[in-house]
Amino acid sequence: MNTKFLLTSVAALALSACATAPKPLQGQFSLVSPRDSVATQQVGTPVRWGGRIIETKPGQGETCFQIISRPLNGSGRPNTTSSDASDGRFIACRAGFYDPAVFEAGRDVTFIGKIDGYANTRIGDYDYRLPKLSADVIYLWPEQRQVDVVPYPYGPWGPGPYGPYWGGYRGWGWW
């Protein structure tokens, strides 16, 4: 195997593995999860949390989001490869109006801010204590669409598994 090709391939792989967060999401943050912050009372701690929107509630002067927390990947996007992985729920609030039609349930979002306190809520028949984040940054990720690729059963030059030059079209073969 060509050494130059191998080195180029390894370098490309290494660079693609180093995902960088978009500029608004860069910085140093505590690694505490929403679930851990409830157990250890981490008010004032700077965090970068993200997940899927459960609910968006515009209020007087601010909008609050209830989020199902997901671990973040290297770029700061919530990791959605496992729908069962969750670090609990949290509430994030930011001054201003954020339209629930845009920030709709199921969208991925990342927040940067400080833990501002805790809120008690009821989920079904359970009393649940949620950390409340005072958000400085809200980053709504573009929707990811799953595309199913169906291979065309014929070769690129016509009918038959190898195209017309290999027997698919009898007038152009070499035999």
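Which residues lie nearest the centre of the largest pocket, and how many residues line it?

View 1. The model is predicted: local features need pLDDT of at least 70, side-chain atom pairs count only at pLDDT 80 or more, and totals for chains, interfaces and linings use all residues. Residues are numbered from 1 along each chain as its sequence is written, and side-chain values use heavy atoms, without hydrogens and water. Ser30, Leu31, Arg48, Trp49 and Leu72 lie nearest the centre of the largest pocket, and 15 residues line it in total. A pocket is an open set of points on a 1 Å grid over the protein atoms alone, where a 1.4 Å probe fits and protein lies on both sides within 12 Å along at least five of seven lines; lining residues have an atom within 4 Å of a point. The volume of this pocket is about 250 Å³, counted as the space filled by probe spheres set on the points, which are joined across faces, edges and corners. Strand β1 gives the most to the lining, with three residues. By residue type the lining holds seven nonpolar, five polar and three charged residues. Here Ala, Val, Leu, Ile, Met, Phe, Trp, Tyr, Cys and Pro are nonpolar, Asp, Glu, Lys and Arg are charged, and the others, Gly among them, are polar.

**View 2. The elements of the protein chain.** Two helices and five strands make up the set of elements in the protein chain. Their order from the N terminus is α-α-β-β-β-β-β. Helices (H or I, at least four residues) and strands (E, at least two) are DSSP runs, numbered from the N terminus. The protein chain has 175 residues, of which 30% count as buried. Buried stands for under 20% relative accessible area, exposed for over 50% and partly exposed for values in between (1.4 Å probe, protein chains only). Of the contacts between residues at least 6 apart in sequence, 62% join residues at least 24 apart; contact means heavy atoms within 4.5 Å.

**View 3. Strand β2 and its two partner strands.** Strand β2 covers residues 62–69; six of its eight residues are buried, so the strand is largely enclosed by the rest of the structure. Strand β1 (residues 46–58) pairs with β2 in the antiparallel sense over seven bridges, where pairing requires at least two DSSP bridges between two strands. The two strands form a hairpin with three residues between them, and Gly61 in the turn has a positive phi of about 85°. Strand β3 (residues 89–95) is also joined to β2 by seven bridges and runs antiparallel to it.

**View 4. Ser69 and Gly50.** Ser69 belongs to strand β2 and counts as buried at 2% relative accessibility. Setting aside residues up to four places away in sequence, Ser69 touches Pro34, Gly50, Gly51, Ala85, Ser86, Asp87, Gly88, Arg89 and Phe90. Gly50 is in strand β1 and, with 1% relative accessibility, is buried. Beyond its neighbours within four places in sequence, Gly50 has contacts that include Ile67, Ile68, Ser69, Arg70 and Leu72. Pro78, Phe90, Val109 and Thr110 are also among the contacts of Gly50. From C-alpha to C-alpha, Gly50 and Pro34 are 9.8 Å apart in space and 16 residues apart in sequence.

**View 5. The second largest pocket.** About 190 Å³ of space lies in the second largest pocket. Its lining includes Glu55, Lys57, Cys64, Phe65, Gln66 and Ile91, and also Cys93, Ala119, Thr121 and Lys132. At least two lining residues come from each of β1, β2, β3 and β4 (108–123); β2 gives the most, with three. Five of the lining residues are nonpolar, two polar and three charged.

View 6. Seven aromatic pairs are found, with ring centres of Phe, Tyr and Trp (its six-membered ring) within 6.5 Å. One aromatic cluster is formed by Trp49, Phe65, Phe90, Tyr98, Phe103 and Phe111. Val137, in strand β5 (residues 126–140), touches Pro24, Leu25, Thr110, Phe111 and Ile112, not counting residues up to four places away in sequence. Val137 and Gly113 are 24 residues apart in sequence and 6.8 Å apart in space, C-alpha to C-alpha. Gln41 lies in the loop between α2 (34–40) and β1 and counts as partly exposed at 45% relative accessibility. Gln41 is a residue other than glycine with a positive phi, near 50°.

Terms used: Phe/Tyr/Trp six-rings, centres within 6.5 Å; stacked < 30°, edge-to-face > 60°.
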